[in-house]
Amino acid sequence: MIYLKLFWAFIQVGLFSIGGGYAALPLIQSQVVDTYGWLDMGEFADIITISQMTPGPIAINTATFTGTRIAGVPGAVVATLGCVLPSFVIVLIFAILYKKYKNLKYVRGVLGGLQPTVVGLIASAGLAIVVYALWNGGNASFSIGSVDLVALGLIAAGIFFVRKFKPNPVLIILGAGIIGGLLYSLI
Amino acid sequence: MFAWEAAGLKHHAGFYLKLFWYTFQLSAFTVGGGYVIVPMMKKQFVEKLGWLEEDEMLNFTAIAQSSPGAIAVNASVLLGYHLAGIPGALLTVFATVLPPLILLSVIAVGYKAFIGNEIIRNILTGMQAGVCAVIIDVVIDMSRTMVKTKRIVPVLLMLGAFIAVAVFNVNVMYVILTGALVGFISAMRKPGKEDKK
């Protein structure tokens, strides 16, 4: 039963990929490429490229992509469901515990230590994304001269608009997409 | 009591529709990794809708990072449960999974053409710059808030976490554990501050 196999393979991906994102890649590869042979390494590399370009977690993207290629849209739904189910159950338990105990002294203490830590983590993720955008995904050499000037201009303009007019961030991202699409295509 | 009750939100169809729509947007524009969901969540749910406190959002992010699975999915479960219990969590997970599910099942068929298309690539590169702007803006605000507390331990934790990951490539799990441990110890050293009701 291909649906059951898909479901089971992606339950394992969902359950054991702690840390998210690229930490999950070896696990996904072992299921999808090595164990079941649903994708070859070339296709697996392509799905990573697609994931960098499109929204959505890489595990979900791979689940949908693999599911569609193996068993059409129902396959995509089953694989995605498998991928999400373990985190849904586990995080729901955490959510219930959090709600119940968040006001305890030690829980507040731990959370008080986690909040600034998370801000630091977000900043470092932000830095990685900015570097990726300014130096074309790390393909160019890291020097001032090789900065993508269009990206730099878009980021500067974006920050200006976000801070000045506080619009829906979706508008900033879409606007940068349209203007960037035009500029890159013309230059 | 759930947050929607506290905020006086009616448990009606309009509320669920809004929750679905904003979570859908959150997911549809989280390009470039799980943490991008945080700036989006802050802009929409904290600042615009006022359904969530910034502290709470950071707690969710820490729990989401420490649980198995994708950060964006995990954060949406926490958000949904916080706002409307288990039905809320089901709704937000559905809304989070839907954009990549639709997009990828379409792309999977002719994906070579998608990757190779110059114009699509250009638009997506532009969108990435937009994401950078949003994340820089939010990082400025959040780190300023931390500095304004004028407490030395949180500021050190923030800088330490940033340097550990950005410069020394330390595994994020260790960074989180360190933050939790420091928080626990500082709670131990604060006698008298008892459990809050």
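In this predicted model, helix 4 of chain B passes helix 5 of chain B in a crossing that is right-handed. The two pack at an angle of about 130°, with their axes 8 Å apart, helix 5 of chain B covering residues 71–107. Angles over 145 degrees would count as roughly antiparallel and those from 65 to 115 as roughly perpendicular, and helix 4 of chain B and helix 5 of chain B are therefore oblique to each other. On the side of helix 4 of chain B, the contact is formed by B:Phe60, B:Thr61, B:Ile63, B:Ala64 and B:Gln65, and these meet B:Ile71, B:Asn74, B:Ala75, B:Leu78 and B:Leu79 of helix 5 of chain B. Sorted by class, the residues of this contact are seven nonpolar and three polar, with no charged residue.

Helix 4 of chain B, which spans residues 54–66, also packs with helix 3 of chain B, residues 37–48, and here the angle is about 150° and the axes are 11 Å apart. This crossing, too, is right-handed. From helix 3 of chain B come B:Val38, B:Met41, B:Lys42 and B:Val46, which meet B:Glu54, B:Met57 and B:Thr61 in helix 4 of chain B. The contact between helix 3 and helix 4 of chain B is made up of four nonpolar residues, one polar residue and two charged residues.

Of the 197 residues in chain B, 51% are buried. When contacts in chain B between residues at least 6 apart in sequence are considered, 49% of them join residues at least 24 apart.

Chain B also touches chain A, in a contact that takes 82 residues from chain A and 94 residues from chain B. On the side of chain A, the elements that give two or more residues are helix 1 (2–16), helix 3 (41–53), helix 4 (58–101), helix 5 (105–134), helix 6 (149–165) and helix 7 (169–186) of chain A. Helix 5 of chain A supplies the largest share of that side, 25 residues. By class, the side of chain A that touches chain B holds 49 nonpolar, 28 polar and five charged residues.

Within chain A, the domain assignment gives domain 1 (2–101) and domain 2 (105–186). The C-alpha centres of these two domains of chain A lie 26 Å apart.

Note on methods
Residues are numbered from 1 along each chain as its sequence is written. Chains are lettered from A and ligands numbered from 1 in the order in which they are written. This is a predicted model: local features need pLDDT of at least 70, side-chain atom pairs count only at pLDDT 80 or more; totals for chains, interfaces and linings use all residues. Axes are lines fitted to C-alpha atoms, for helices over the stretch in contact, and angles run from 0 to 180 degrees between N-to-C directions. Helices (H or I, at least four residues) and strands (E, at least two) are DSSP runs, numbered from the N terminus. A crossing is left-handed if the near helix is turned anticlockwise from the far one by less than a right angle, and right-handed if clockwise. Two residues are in contact if their C-beta atoms, placed from the backbone, lie within 7 Å. Ala, Val, Leu, Ile, Met, Phe, Trp, Tyr, Cys and Pro count as nonpolar, Asp, Glu, Lys and Arg as charged, and the others, Gly among them, as polar. Domain bounds come from an automatic or database domain assignment. Angles under 35 degrees count as roughly parallel, over 145 as roughly antiparallel, 65 to 115 as roughly perpendicular and the rest as oblique. A residue is buried if 20 or more other C-beta atoms lie within 10 Å of its own, exposed if 12 or fewer, and partly exposed in between; C-beta atoms are placed from the backbone.
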